[in-house]
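Keep the 3D view open and click along as you read.

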Amino acid sequence: MQPISCHTGIAAPLPMADINTDLIYPQRFLRRARSSGLAECCFHPLRFRPDGSHNPDFILNRPPWDHASILVAGRNFGSGSSREHAPWTLYDFGFRALLAPLFADIFKNNCLNNGIVPAVLPEAEIALCLTAAADPATAEFTVDLERREVRHATLGTLPFAIEEADRRRLLLGLDEIDETLALLSGIEHHEAAREQGAPWIANRNRGN
Amino acid sequence: MDEPRTLYRKIWDAHVVETMADGRCLLAVDRHLLHDGVAMYAFEALAAKGLAVRRPDLTLAVADHVVPTGPRDRPLAYEDDDARRMIRDIAAGCAAAGITAHLVGDPRQGIVHVVGPEQGFILPGTLAVCGDSHTSTYGAFGAYAFGIGITEVGHVLATQTIKQQRSRAMRVTFQGPRARGTTAKDMALFLMRSIGVAGGTGHVIEYQGSAVEAMSMEERMTLCNMTIEVGARAGLVAPDETTLSYLRGRPMAPAGADWDAAVAAWRGLRSDPDAAFDRDVTLDVTDLAPHVTWGTNPGQAAPVTAEVPDPAAAASEAEAAAIARALDYMGLRAGQPLRDVAIDHVFIGSCTNGRIEDLRSAVEVIRNRRVAPGVTAWVVPGSGAVKAQAEREGLDEFFRAAGFDWREPGCSMCLAMNGERLRPGQRSASTSNRNFEGRQGAGARTHLMSPAMAAAAAVTGRLTDVRDLL
Ligand code: SF4
């Protein structure tokens with residue numbers, strides 16, 4: 001995973017609450033290989049009309065937001081399914097940071113595994129960001145993970161919330177598996193102790 | 001004296017391997033379930049790093065998401081080569097790693113969250129994960145169970161652990177008794193409606209109260225399954241006699257001395273009387289009416305006796321816009337009685353309501369009745385074992401006689417990822433868990449409800465109060 005510390009780019013406003021991962025990445029694309037590039041699936045039901053043509057009214061189909069790399073969204077962004085295709089498609093589209101008052105739990109975790117910053121701001125400040133992002137003249141934002149702040153020409157500096165553990169993960173971009181495998185002896189020790197006290201955990205009866 | 005702990009905290013503490021430098025805990029995973037929708041990606045990620053599956057003995061795999069549910073006596077009509085590849089890859093990956101897999105052709109194949117519990121793989125006090133958000137289902141057993149992403153599936157396969165920060169604890173108390181015609185699904189929809197689809201975010205919910213104690217395991221699974229729809233990481237019900245009698249003798253459940261030791265330990269698996277919860281919600285279900293959803297998230301639900309809500313009456317502008325958008329997608333008018341809404345399709349199935357009790361409760365309604373003209377009605381049993389049990393009880397005959405299509409197990413039209421989907425504009429009465437835009441097919445309109453309510457809609461052709469048919 002690519003580490004990320006500070007990102008500047010065009011922010012796209014998406015002023016809806018409860019945007020779910022079905023809307024971000026519909027199920028009919030769930031069989032695609034990650035390597036095939038998933039940018040075109042991003043917000044497919046909103047970006048395309050039922051006949052397959054581009055919906056010119058949708059924000060991500062209009063300049064400058066067709067090159068957006070920051071998304072400002074309503075509360076509970078990323079609710080629903082655990083599909084990691086949601087952050088994949090956002091990443092492939094170009095998004096590196098998301099601003100919202102609340103993120104769904106599994107989605108947020110998937111973002112952290114894919115180098116996307118989920119930055120939490122209060123509802124009132126998100127409202128200001130939505131307005132600023134909607135104007136091409138003021139659509140550029142900086143999301144600074146190092147300093148936990150959003151910077152903007154007219155809004156000034158807005159601190160955002162992110163768990164320290166989450167911030168570190170993004171900043172370092174470490175491989176979680178390597179990090180865990182370094183603790184293997186502790187894991188084995190824990191398993192052995194637990195199976196001693198709770199032998200049924202061992203799943204000896206594998207039903208075959 | 002030790003500080004009183006919640007059930008969640010007890011399970012958590014028992015699984016902490018180590019506290020990481022960043023404050024997260026490394027937790028041991030006791031049970032991991034794999035399905036065809038994620039296995040391909042996860043095995044690929046593992047292969048790219050040259051890693052092996054560390055504990056195949058603690059993993060169980062099934063095929064469900066892309067499996068067509070038409071007759072099995074002919075070649076399966078997979079949607080495309082990508083679907084075929086997913087089935088090939090889960091089979092090959094599991095065979096290479098030595099993972100027990102109930103795939104197509106195995107009589108135990110079915111939806112992951114139906115198969116895991118019914119095989120006895122999910123046990124009280126365990127930590128269970130799966131690359132699917134409805135893993136919360138297993139909380140019915142007093143297991144700490146939650147959905148994870150594909151990167152995390154790879155991490156679990158390689159290490160049999162997961163890193164996580166502890167959530168806050170929330171208690172939801174359902175006071176009963178529950179009225180006739182009202183089900184666990186109605187309680188779940190009532191909860192979504194009461195606290196909203198983000199009302200549980202950041203929390204693990206423990207369900208308590210007389211209405212929960214009275215529930216069967218199937219009902220508890222329905223309730224815990226829908227817990228992810230309020231954004232909570234997991235739902236939990238403390239194990240009791242109901243749990244034990246469900247588990248005893250299941251194929252993968254512990255046996256002999258292991259069983260006795262397990263039962264002794266499970267008896268202590270409950271929140272201490274004075275344990276502190278960060279949040280408490282109490283809901284009275286005594287007069288609860290059957291619920292249906294009218295909108296495009298599970299919280300947009302109402303008693304079936306109500307009318308479609310009016311955006312003008314909403315509490316805020318944002319709320320009004322959300323309602324208006326949902327009504328537009330759903331093709332509904334504000335003020336229209338929900339019972340006037342005509343449906344085209346009925347889907348009885350999914351990991352929420354595809355279990356044997358669900359099928360029995362639907363049969364109670366359709367017995368000696370016919371599916372209404374113009375309505376297509378499907379029953380997709382949650383697993384091969386559910387299907388076989390239903391056939392032993394003759395339920396399939398009742399469904400067929402009423403004009404239902406009796407199908408093979410899989411996720412089917414819950415997610416419409418296997419090629420089975422509705423056409424744009426078609427309206428469905430569905431026992432699944434999500435009524436999101438496009439969930440059952442682009443442009444399709446989904447009303448969530450219990451199996452009994454879906455059965456009632458099937459025979460009348462519109463949303464119906466099942467209590468009028470009982
Ligand atoms: S039945 Fe639906 S919700 Fe359940 S695992 Fe399958 S697709 Fe997911």
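This is a predicted model: local features need pLDDT of at least 70, side-chain atom pairs count only at pLDDT 80 or more; totals for chains, interfaces and linings use all residues.

**Chain A in outline**

Let's begin with chain A, which has eight helices and seven strands. Its C-alpha trace spans about 65 × 45 × 30 Å along the principal axes. Of the 208 residues in chain A, 57% are buried. If you take the contacts in chain A with a separation of 6 or more, 65% of them come from residues 24 or more positions apart.

**Where the chains meet**

Now bring in chain B. The size of an interface is often given as the accessible area lost when the parts come together. Here, chain B and chain A bury about 5,600 Å² between them, and carbon and sulfur atoms carry 51% of that area. On the residue side, 81 residues from chain B and 61 residues from chain A take part in the contact.

Between chain B and chain A the count is 13 salt bridges. One to click on is D30(B) with R194(A), whose side chains meet in a salt bridge at 2.9 Å, N to O. Across the interface there are also 31 residue pairs in polar contact.

Which elements of chain B supply at least two residues each to the side that touches chain A? Among them are helix 1 (7–15), strand 1 (16–19), helix 3 (81–97) and helix 10 (256–266). Helix 5 of chain B gives the most to that side, with seven residues.

**A serine that touches both chains**

You'll find S81(A) in the loop between strand 2 (70–73) and helix 3 (85–93) of chain A. Is S81(A) buried or exposed? The cut-off for buried is under 20% relative accessible area, so S81(A), at 11% relative accessibility, counts as buried.

The side chain of S81(A) makes a polar contact with the side chain of R83(A), at 2.9 Å. Leaving aside neighbours within four places in sequence, S81(A) is in contact with T21(A) and D22(A) in chain A, and with S133(B) and R434(B) in chain B.

**Rings and charges**

Last stop: the aromatics. A pair of aromatic rings is described by the distance of the centres and the angle of the planes. Over all chains the count comes to 16 aromatic pairs.

| Pair | Centre to centre | Angle between planes |
|---|---|---|
| Y25(A) and F29(A) | 6.0 Å | 70° |
| W259(B) and W266(B) | 5.8 Å | 85° |

In the chain A pair, Y25(A) is buried at 0% relative accessibility, and F29(A) is buried with a relative accessible area of 8%. For the tryptophans, W259(B) counts as buried at 10%, and W266(B) is buried at 3%.

Chain B also has an aromatic cluster, formed by Y8(B), W12(B), Y144(B) and F146(B).

Finally, have a look at two arginines. The charged end of R367(B) sits over the ring of F398(B), 4.6 Å from the ring centre. Likewise, the charged end of R407(B) sits over the ring of W378(B), 3.6 Å from its centre.

Notes: Residues are numbered from 1 along each chain as its sequence is written. Chains are lettered from A and ligands numbered from 1 in the order in which they are written. Side-chain values use heavy atoms; hydrogens and water are left out. Rings of Phe, Tyr and Trp (its six-membered ring) pair if their centres lie within 6.5 Å; planes under 30 degrees apart count as stacked, over 60 as edge-to-face and the rest as tilted. Buried means under 20% relative accessible area, exposed over 50%, partly exposed in between (1.4 Å probe, protein chains only). A charge sits over a ring if NZ of Lys or CZ of Arg is within 6 Å of the ring centre and within 35 degrees of the ring normal. Contact means heavy atoms within 4.5 Å. Buried area is the accessible area (1.4 Å probe) that two parts lose on being put together, summed over both. A salt bridge is a side-chain nitrogen of Lys or Arg within 4 Å of a carboxyl oxygen of Asp or Glu. A polar contact is a pair of N or O atoms within 3.5 Å; within protein, one must be able to donate a hydrogen and the other to accept it, and residues adjacent in sequence count only if both atoms are side-chain atoms. Helices (H or I, at least four residues) and strands (E, at least two) are DSSP runs, numbered from the N terminus.
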